[in-house]
Amino acid sequence: MQKIFIALTLIVLSIPATALAAFGYQYPGYVTMTLNSAETELTIFWSSGAYSYDQNRGCLTDPNGAPFFRLSLDGNIIRQESLSGKLRNGQGFPAICTYTFVLSYGGNNKISAGTYQADFGLTIYSGYQSNASKTSSVAACTPLRGKRPIYLSNNGVYTDYFYTLSYSDSQLSTNFGYGYMGTPFSMPYPEPEGTVSFSRYFKGAPQLEHFYSTNTSEAGFLIANGYIAEGIEGNVYSRPRIGTAALHRYATYNPANGDLYHYYTIHANDAQTQGMQYEGVVGYVCPAN
C-alpha cells in the first residue's frame with residue numbers, strides 16, 4: 001500500500017460580519033486532496049470558510065481580495081490561477097464558498113508520482129485572510145503503477161556489462177561469453193510523466209562496450225565517436241520520487257589498450273565498483289523487487 005504524507009496549514013483571523021458586505025465568515029477553511037483508486041485522478045477541494053449573505057449573489061462575486069489557487073509538484077508550479085468568479089456555493093444557505101479542481105492526464109494515464117502541494121488564499125476584508133494549504137505524496141514504483149526488470153550479464157574478457165529489458169536477449173548473450181548476473185533494478189512501466197529515455201549504445205574494439213545514457217547531447221558525442229545507437233531500454237525518472245532509487249554510473253578506462261567500460265547500479269560503491277571512477281547519477285529507477 002502506498003504511503004500518503006499529509007501536511008495542513010491554516011491561517012485564519014476572525015472578522016466582523018458587518019464589515020463584509022455580501023460575504024460573511026463562518027469557520028476556518030480547509031483543503032482535501034483525494035487520489036482515486038486507479039491513481040489517474042487527484043481531486044483537490046477547498047472550502048474557503050467565507051459564505052454569502054446574499055442568496056442571489058452567492059460566491060460568483062468575490063470579496064475585496066481575489067482568491068487564488070496554486071498547485072505544485074515537487075516544488076515546481078504546475079497550475080496557478082485566480083479564482084475570481086470561480087468559487088461555487090456549497091449546500092444550504094448561507095452557502096460556504098468552495099472550489100474543486102481535478103488533476104488528470106486523461107484515460108488510464110497515472111498522475112505523476114511526487115509530492116503535490118495545493119495552496120489557496122482569500123483576502124476577505126481589509127487584509128484579513130483565509131489561507132489554507134495541503135501536501136500529499138504519491139509514490140512511484142508501486143505494484144499498481146507497474147515496472148519491468150532490467151536483466152544484467154557481464155563478459156569478463158570484453159569487460160562489458162550488458163543491461164536489457166529482454167530476458168531472451170540476456171540469455172542469448174551467454175552464448176557469446178557473457179555470464180548472467182540477475183536483475184539489479186527495474187524500469188517504471190508504463191512510462192509515466194517525468195521520465196526520460198534510457199538509451200543503449202554499442203562500440204566495437206578496442207572498447208567493446210555497451211553504454212547507456214539519458215542525455216541527448218551526450219548521444220551526439222557518442223555517435224560522433226563511433227558508437228551505434230541500439231534503441232531504448234525503458235525510461236527513468238529525471239528527478240527522485242518516493243519509492244525510487246538513484247541509478248549511479250561508474251567507468252574504467254585502460255590507457256594501455258584503450259579499453260573502456262561502464263557499470264550502472266542503485267547501490268553506490270558496491271563490490272563491482274571497486275577501482276572504478278564515479279560519474280554521477282543518470283536517473284531514478286525502481287528497486288528490483
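Buried means under 20% relative accessible area, exposed means over 50%, and partly exposed lies in between (1.4 Å probe, protein chains only). By that scale, T159 is partly exposed, at 22% relative accessibility. C141 is buried, with a relative accessible area of 12%.

This is a predicted model: local features need pLDDT of at least 70, side-chain atom pairs count only at pLDDT 80 or more, and totals for chains, interfaces and linings use all residues. Residues are numbered from 1 along each chain as its sequence is written, and side-chain values use heavy atoms, with hydrogens and water left out.

**Positive phi**

Strands (E, at least two residues) and helices (H or I, at least four) are DSSP runs, numbered from the N terminus. C141 sits in the loop between β10 (128–138) and β11 (147–155). T159 sits in the loop between β11 and β12 (160–164). Neither is a glycine, yet phi is positive in C141 and in T159.

| Residue | Phi | Relative accessibility |
|---|---|---|
| C141 | near 65 degrees | 12% |
| T159 | near 45 degrees | 22% |

**Cis peptide bonds**

Where is P190 placed? Its place is the loop between β13 (179–188) and β14 (195–203). The peptide bond from Y189 to P190 is cis. Its omega is near 0 degrees.

Now take P206. This proline lies in the loop between β14 and β15 (209–213).
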